[in-house]
Every structure is written in C-alpha cells, then in structure tokens.
Amino acid sequence: MLDYLIRRLAGTIPVLLAVSIFVFLFVHLLPGDPARLVAGPDASPQDIAAVRADMGLDRPLVVQYLRYLGQTLQFHLGRSIKTHQTVAELIGERFMPTLLLTVFAMLWSVIAGVGIGVLSGARRGHWQDQASMVLAISGISFPGFWLGLLLIDLFSVHLGWLPTGGYGGWQHFVLPAFTLGVGVAAVMARFTRSAFVEITAEDYVRTARAKGVPERRVVWKHTLRNALIPVITLTGLQFGFLLGGAIVVETVFAWPGLGRLLVDSVAYRDYPVIQAEILLFSCEFVLINLIVDVLYGVVNPEIRLR
Amino acid sequence: MASIFPRMLLAASLALGAAGGAHAAKDLVVGVPDNLTGLDPADLNDNLSQSAARLMFEGLYMLDEHMKLQPQLAESYEASEDAKEFVFHLRHGVTFHDGTPFNAAAVKFSFDRAGNPENHLKRQSLFVMIDHTDVVDDYTVKVVLKYPFGAFVNDIAHPGALIVSPKSVQEYGKEVTRHPSGTGPYQFVSWSADTLKLKKNEHYWKPGLPKIDTITYRGVPENGARIAMLQTGEAQFIYPVPPEMIKSLEHSPTITVFNEPSIFTRYVALNNLRKPFNDPRVREALNYAVDKQAFAKVVFSGYSDPMDSPMPPLLGFYQKQGSYPYDPAKAKALLAEAGYPNGFEATLTGGNNTLVQRGMQFVQQQLAAVGVTLKVEPLEAGVLTAKMFNVQKPEDASIVMLYAGWSSSTGDADWGMRPMLYTKAFPPVLANLAWYSNPVTDAAIEEGLSTTDPSKRAGAYAKAQAQVWKDAPWIFLGVDHNLAAYSKKLHGAFIRPDQQFHLTADADLE
C-alpha cells in the first residue's frame, strides 16, 4: 500500500509541472495588459511603464516563467499585483473559509443525498421515490443565487435569525452551506438511486434475499456497500469542485473565499494570484484522487488486492 | 402561511429586542461592492480604496461633499501669477497616528516620494509638473513647478496627494499599503480578506471629533445582499444601489435614499478620423437621433440627467451649451446630406456590465430608427482596455464607436476635458478615444492651465466647451446620479459627485 502511494505521488510531479507551464502560458496569452489595468484608466504612459517595470513584465516570457518556477519550488509565490500582499497570505486568509464551507456543505448534502437516494432506490416506484426525485430535480434546477437571495430575505430580513452574509460564527455558515449543498445533495440522491437500483438487480442480492437475509441487511450491507463506489467517486469530484470556491454562493453571501478571489484576480489580470490558485486547485484534485483511491479499498477489499 | 408568518415575525422581533441591548460604542458599517486594492494613497486608482484612505489620511487641501476646495492640513496658500510657484502655510499641532509630528518635511517627503518615477507609484502623473518642493520653515512649504499648472491646488486635493507619515514609509517600504499612518480622524486597525476596520483617532486635531468610534468597510458584491444588510441593520451605509432597485427602499421608515447628480458623464466616442464619423453632419445627426430623456428613463430608471455640455454641471467652470433635441427627421436629413440616405453599419464597443450593456442596446435601438445599423460588442475589462490603448498610430484604432464614461478625479475642469479632448491625449498617451483634434479646443485647454486666475480659466473652459459642443465628437448621453442608501440614524455621510464615499468630520451615528 505504501509503495503504491509513493508511486502515485511521484506520478503527480509531471502532471503538476505541465499544469504550471499551461497556467503560466494561458495567463500570459490572455488579451489585456496588466500594467494598463493596474495603472488605471486615466494613467499616463509614464505611470504604465513604471508599473510594467515594477512587475517584471518587460522581460522575455521564458525568463519570467523560469523565475516563476524557481520561486514556486521554494514556495515563494510572489506578491499580488493588486494589493501587494504576498500570495501565500492572500490565499491563506481565504482558504479556511472555503474549506470550512465546503466541509459543512458536503457533510449535510452527502448524508441527505445518500439517504434520499437509498430511500428512493429501495422504494422504487412508490410515492417516496417519486417525491424524492421531484425534490432532487428541483434541487438541481434551482439557481443558487436566487435560492440564496430568497433565504436571505426570509431568514435575515424578515425573521432576523441569521446574518445576511460575511464570515464569522456558526450562524454565518447556515445559509451559505445550505445553499451550496442543495445542488450537491440533489445530484448525490440521483446518483445513489441509480447505483442502488443497478446493484439491486445483481445476482448476489437476489441470492441474499433468497436465503432469507433480512431486508434491512440486504439494503444497507449487500446493496449500499457496493453502490457506494460511484458515490465516493462523485463525492470526491464534488469536494474538489467546491474547494475551488463556489463563486455564486461566495458572491451572494459576501464570503471571503477562493472562488471570488479567482474571479477578481482574472478581472484584474493579477497573474501571481491566478497562477497560485490554479496550481492549488490542481494539487487539491490530485490529493482528492489519492484519497478516493484509498477509500475504494476501504469499502471494497477486492480493489485493495489489485 | 398567513397564520404562521406573523408569529415568526413576533419571535424575530423578540429575539432582536433581546440582542439589541444598550451599547455605547458607535460602530459604522459601510457595505461596498468590492474589496480594496490598498491603502497607500499614492498608489491607488479606485474610488473605493481612495475613499477608505481619506478616512485615515488628509491632504493640504480637500474637496468637500459639494466638490468645493477646502483647506485641510494647510491653512492657506499663495500662488504666483504665472501658476508656477505655490506656497502653503501649514496647520500647527497635528500628529500622525504613529506619533510623529506633521510638518513641512512630511509634505516634502510625501510629494517627493509620490512623484519619484523610481518608486513606481500609480499616481505619479499628479506630480509630473513639480520641479521641486522646498521646506521654507517647519510650517511653510514651497512647491515650484516646471511649467504653469493653474489647477495645481485641485491637483493636490486629489487622494493621490494625501500626506503620509515619513516614518511609516521608512519602516514598511512598499508594505505601507497595509500599514497606513496618516493624520485623519480614523486610524487603521486591520484589513483582511474583504473587511477593513478603523477606529477613532483619539488625538485628532479637531477637538471633540470624530464622534463615531469604529468604521468597518465590508465588501459585499451582490446588490441584493447589500440592500438586505442595510435592512437588517448590519450596515448603516451601502453603495452603490442599482437604479432599478432604489424604488424598493424609498418607502422604508428607517432608511434614507441618497440620490444626487454625479460628475460621471456617459457618451459614445465616435472615431473622428474614420468614415463616416469624420463628417460633422454625421456626428450631429447621431446626436439628434438619440432621445436623451428616454436614455435616462430606460437605462437609469430616471436617475440620470441629459448632458448639455461636454462637462458635467458640478465640475468647476462648467457652462451650459444647449441640447441636441430628439429629432429623427432632422437626423435622417443630415445623414442624407452627408451622403448616407440609407444609413450605414458600425460596431459599438463597450464594457460588459449590466448598465453599460443596457445603454449600448438603447443606442442601438435609437440609431436603428434613422437607418444606422449597430453591432453591439460588449467586452471584458482587460480585453477592452487592450483594444482601446494598444494603438501606436491613430489610423490603427480598431474601435469606431466606444460607449464610454468619465469622471474628473481632481474635480477640476482640466482633468474633465484634457484627457479625452486634447490632441496630445490620443491613445496610448491618454483617453482621447474619439481621436478628436481641433486647434481652437487645444489652445483653450492650454490657456486654462496657464493661469491660476479663476476668471481667465473660466473664459478658457467656456471656449473649449462651446467648441466641443459644436464639433460633437461624441454622442452626448447623460450624467449619472449617485445612488446609495443609509440608515436614518447616520448623519454626515455622502457620496461625493466624484463617486467617493465621504464622511464629514462631524459625522455621527445616533
């Protein structure tokens, strides 16, 4: 297992290197002069030249990349063009809000989604199934920004129970985590249901029923455990996506997270921040993939042997 | 639902009543749309950060809520007649937040630092006319200019010329943008992610002021969420409020709507070097083809005034020129006379925010009625600026019609005309995106800068405005209103015509 992990980790290095080149080029080939944007609409050519020299943008592209790579390897991610803050600090202060929001949103939505999916799959064709799927389709279709604003209007403006937004105590988490989780829970429910229905048709489930295993045990042990493999894959993917920052929810709830930082940085052509964020997201996905692989083994010992 | 709702409301009001006990501290929360970019006054170019900096820093002169010049750290000044030498007499007994004294050396330090090209500060252009700054004595400073610059006092009333503590710069270098130290009524506490916190300066030079204990700037990008913050009392001042949402706040008993004209003009810059816009009759025709009243109503829900001069009314030396009344028949006749009886096709380029797109679509519809077919091209900010300014020769310009806007950040007529209407301001130098060039206008703009005598300057800008109005290098559209909203408990808070949040020194929160 350890050997396998080390091999997997080593395999990620070329991937990350390729990502760094891609990100660097992509950002530099975007139209728009960052020096012009930084200097502002009413800047004079002197102002712009000063900004360009200050940012090192007057040097050849290869030199800029090598400098960037060398510094990244030493974890010197540079300074934000926009705020002069170090990129590490800038991302650091937004990482926790995004991580915590992701964890809370995933926690409730995976539990609710899998629960609804199992109920729906086990009672296929009954009213529970139909009601659950109506709920799930609504959850997928409901636009996040609108749901967020409706929740703010009800729970903050009319009832005064919860703050309208911002990062703070547990009250601040309720509305954004709920809004963010709705879509995930809905997708999760649909996915669990179809995986569940598929497994129910398998021979070993029929065998289990035939030999008189209690229905509850058939559902939770024989069926669900096997249906969990695609669910874990999906959970990993969703987790990775949400860690990239949920732009809509962060915007509606004024959440100081990574998604909004990325959007702001793109608008401002804040190269060091864009590069660091995309690199971070790539690392997160690589890490999540590793964890997902390990979890497969935990759920299904057969995978561990391969 | 009907029966349960009042009960829920009751529970909520009880909960609120319990939470809102007696608290003596006066805490002002301001809800703004973006994060700040920094707090080093010489290195800022966005209204939001500048207005935050102005709570902590002061300049020799300032613009009050009506854009009128007021002395701040200077008590008075004398200018030479040729507008080349300015002597400022400074206020005594003022200290920076870090405890060091404010004096002539600090003024010289701030100006030298901001104007030194090697420091790469974004507001360097405000200081290019300065030859040198002399400390005459502790409280007298003399600025000598390289060439006459009649708008100099306005120039240094700009937030880019706020006075910084020399010690703070020596201590923090470039990082001073996160460790600001000025002489203003509020001092820095913290700035992380999208929240800036300030507290009262206990040693402020105006006795008994300020009255507010703490100020928090919170970045809330969503318009609806910002309004909700004001409604719940989480914020006491929010801006901006989009025109279509202001109505929902007008009848609230606890909220005051702020609705005042700005100095932000919107116009379509026509490429005056390019066919068909090189024909004055075509430019005139397009001005008659657009109904400016309807523009205000449709695009800004009425919160905009038609332009009646190239400059907005609240800018110094403004003079009303007249109007191009809506007259599609006349527009068609002029187009026919210019050789375009069936109109023509062109592309209208602009930004991609909602208000800009709505404005461009409006112009498109209006011009369609006189046979001019427009393709609307909304672009992302980075792409747009590249297209506007990556131009070496005027003939290479790729934009023929630009939906544009301008606000004079110094509050003076010079910056309200020269960057967009002066021949030497062709891109990439400045923003003359109409490629408009008329020796009469150029001479008047130069004359306006050559003296400090207000009556001579007024005469010069009257000439410039009349000439531009006649030449119609733009389709003149409208002047935006500033829209904001605040709690009735708050007094002394404004959005200044240049769109900056402005708190008077005696601002108070009940």
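1. Let me start with burial: a residue is called buried if 20 or more other C-beta atoms lie within 10 Å of its own, exposed if 12 or fewer, and partly exposed in between, with C-beta atoms placed from the backbone. By that rule A:Thr164 is buried, because it has 30 C-beta neighbours inside 10 Å.

2. A word on conventions. This is a predicted model, in which local features need pLDDT of at least 70 and side-chain atom pairs count only at pLDDT 80 or more, while totals for chains, interfaces and linings use all residues. Residues are numbered from 1 along each chain as its sequence is written, and chains are lettered from A and ligands numbered from 1 in the order in which they are written.

3. Back to A:Thr164, which sits in the loop between helix 7 (144-158) and helix 8 (170-200) of chain A; helices here are DSSP runs of H or I with at least four residues, strands are runs of E with at least two, and both are numbered from the N terminus. Its C-alpha atom is separated by 5.6 Å from that of A:Ile152, twelve residues apart along the chain. Which residues does A:Thr164 touch, not counting those up to four places away in sequence? In chain A they are A:Ile152 and A:Ser156, and in chain B they are B:Ala225, B:Ala228, B:Met229, B:Thr232 and B:Glu234. Contact here is when the C-beta atoms of two residues, placed from the backbone, lie within 7 Å.

4. Also in chain A, helix 12 (residues 258-268) has several buried residues, among them A:Leu258, A:Arg260, A:Ser265 and A:Tyr268. Just after helix 12 of chain A comes A:Arg269, with a positive phi of about 55 degrees.

5. Now for chain B as a whole. Its secondary structure comes to 14 helices and 19 strands. The radius of gyration of chain B, taken over C-alpha atoms, is 25 Å, close to the 24 Å that the globule rule gives for 510 residues, so chain B is as compact as a globular protein of that length; the rule is 2.2 Å times the number of residues to the power 0.38. Along the principal axes, the C-alpha atoms of chain B fill a box of roughly 75 × 70 × 35 Å. Of the 510 residues of chain B, 53% count as buried. Among contacts in chain B with a separation of 6 or more, 69% are between residues 24 or more positions apart.

6. On domains, chain B is divided into domain 1 (54-173) and domain 2 (261-481), with bounds that come from an automatic or database domain assignment. The C-alpha centres of domain 1 and domain 2 of chain B lie 33 Å apart. Twelve residues of domain 1 of chain B are in contact with twelve residues of domain 2 of chain B. On the domain 1 side of chain B, the residues touching domain 2 are eight nonpolar, three polar and one charged. Here Ala, Val, Leu, Ile, Met, Phe, Trp, Tyr, Cys and Pro count as nonpolar, Asp, Glu, Lys and Arg as charged, and the others, Gly among them, as polar.

7. The parallel pairings in chain B deserve a look; two strands pair if DSSP finds at least two bridges between them. Strand 14 (residues 345-350) of chain B pairs with strand 15 (residues 373-378) of chain B in the parallel sense over six bridges, and B:Gly350 stands opposite B:Pro378. With helix 10 (residues 354-368) of chain B, these strands make a right-handed β-α-β unit; right-handed is said if, with the strands pointing away from the viewer, the path from the first strand over the helix to the second runs clockwise. Strand 14 of chain B also runs parallel to strand 16 (residues 401-406) of chain B, joined by two bridges, with B:Leu348 and B:Met401 as bridge partners.

8. What of strand 12 (residues 255-270) of chain B? Strand 12 of chain B is antiparallel to strand 17 (residues 474-487) of chain B, with twelve bridges, and B:Ala269 stands opposite B:Trp474. Six bridges join strand 12 to strand 16 of chain B, again antiparallel; there B:Leu270 has B:Met401 as its bridge partner.

9. Finally, some backbone details to check. The peptide bond from B:Leu209 to B:Pro210 is cis, with omega near -5 degrees, and a cis bond also joins B:Tyr239 and B:Pro240, with omega about -10 degrees. B:Met67, not a glycine, has a positive phi of about 70 degrees and is partly exposed, with 19 other C-beta atoms within 10 Å. B:Gln499, not a glycine, has a positive phi of about 75 degrees and is buried, with 21 other C-beta atoms within 10 Å.
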